[in-house]
Amino acid sequence: MKIASIGSGNMGGTLGKRWAAHGHQVMFGSRDPQSDKMRTLLQEAGTNAQARTVQEAAAFGEVILLAVLPSDVERVLEEAGDLRNKILINCTNRFDGKSADMEVQRLAQNARIVRAYHTLPWEVLANPQYGTGNATAFLSGDDAEAKEIVARLSRDIGLDPVDVGDSASMEKIEAAIGTLWSILSPQFGRDYGLRILRRGMDNPVLSGS
């Protein structure tokens with residue numbers, strides 16, 4: 001699958017490298033595609049990755065990962081232009097009490113938006129395996145097909161995707177994880193994961209499904 005990562009920092013760089021390693025074609029969108037930082041990232045990502053401008057990456061991607069700072073969201077979505085029929089994975093976070101979900105829904109032109117990965121530290125995205133289990137990635141959105149595609153991309157890189165429904169449900173998940181984070185991160189640091197255990201399902205770790 002053709003994936004554009006708008007953002008090449010810890011989140012965008014980590015996810016882009018992992019998808020490229022799994023065989024997906026990845027294009028990083030950057031204000032400076034020729035920078036030393038980007039050259040280093042491309043060396044780490046391998047032959048399935050390349051770098052272009054934000055506009056070129058958005059045109060390239062069937063799936064677009066939005067992984068930028070809150071201050072850059074409006075600018076990069078304006079540069080991206082019309083995203084009709086493209087899946088936009090919103091993994092941005094705001095820390096000012098405003099909704100990153102609502103902002104992206106307002107600004108992204110005609111995109112099929114899935115909220116995902118923003119509840120996970122990049123360290124967990126880099127290695128979601130914990131013994132015989134793997135970390136859960138919560139997904140939300142109104143487009144069932146788009147969520148299933150993001151779920152498959154999540155499984156590709158070793159995550160356990162769980163569809164929580166719509167934006168209102170995701171807000172409750174975010175609040176719960178924020179509470180857990182404040183309690184657990186002083187003890188475990190950033191590199192710990194959550195796993196939702198449920199009965200009557202194949203083990204995705206073993207089946208790869």
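Begin by selecting Met 27, which stands opposite Gln 50 in strand 3, where strands are DSSP runs of E of at least two residues and helices are runs of H or I of at least four, numbered from the N terminus. The model is a predicted one, in which local features need pLDDT of at least 70 and side-chain atom pairs count only at pLDDT 80 or more, while totals for chains, interfaces and linings use all residues. Residues are numbered from 1 along each chain as its sequence is written, and side-chain values use heavy atoms, with hydrogens and water left out.

Strand 2 pairs with strand 3 in the parallel sense over four bridges, pairing being assigned if DSSP finds at least two bridges between two strands. Strand 2 also pairs with strand 1, again in the parallel sense, over five bridges, and Ile 3 has Val 26 as its bridge partner in strand 2. From strand 1 the chain crosses through helix 1 (residues 10-21) to strand 2 in a right-handed β-α-β crossover, a term which says that, with the strands pointing away from the viewer, the path from the first strand over the helix to the second runs clockwise. A right-handed β-α-β unit is likewise made by strand 2, helix 2 (residues 36-45) and strand 3.

Now show the whole sheet, an open one of eight strands in the order 3-2-1-4-5-6-9-10, with mixed pairing. Strand 3 (49-52) and strand 10 (160-163) stand at the edges with a single partner strand each, so one side of each is left without a neighbour in the sheet. From one strand to the next the twist averages 25°, with axes fitted as lines to C-alpha atoms, for helices over the stretch in contact, and angles running from 0 to 180 degrees between N-to-C directions.

Select helix 7 itself, in which the buried residues include Ile 149, Val 150 and Leu 153. At the N-terminal end of helix 7 the cap is Asp 143, with a side-chain oxygen 3.1 Å from the backbone nitrogen of Glu 145. Gly 158 follows helix 7 and has a positive phi, near 90°.

What of positive phi in residues other than glycine? Most residues other than glycine have a negative phi. Asn 85, in the loop between helix 4 (73-80) and strand 5, has a phi near 70° and is exposed, at 62% relative accessible area. Tyr 117, in the loop between strand 6 and helix 6 (122-126), has a phi near 75° but counts as buried at 0% relative accessibility.

Finish at Thr 119, found in the loop between strand 6 and helix 6 and counted as buried at 16% relative accessibility. Leaving aside residues up to four places away in sequence, Thr 119 touches Phe 138, Glu 174 and Ile 177.

Technical notes:
Buried means under 20% relative accessible area, exposed over 50%, partly exposed in between (1.4 Å probe, protein chains only). A polar contact is a pair of N or O atoms within 3.5 Å; within protein, one must be able to donate a hydrogen and the other to accept it, and residues adjacent in sequence count only if both atoms are side-chain atoms. Contact means heavy atoms within 4.5 Å.
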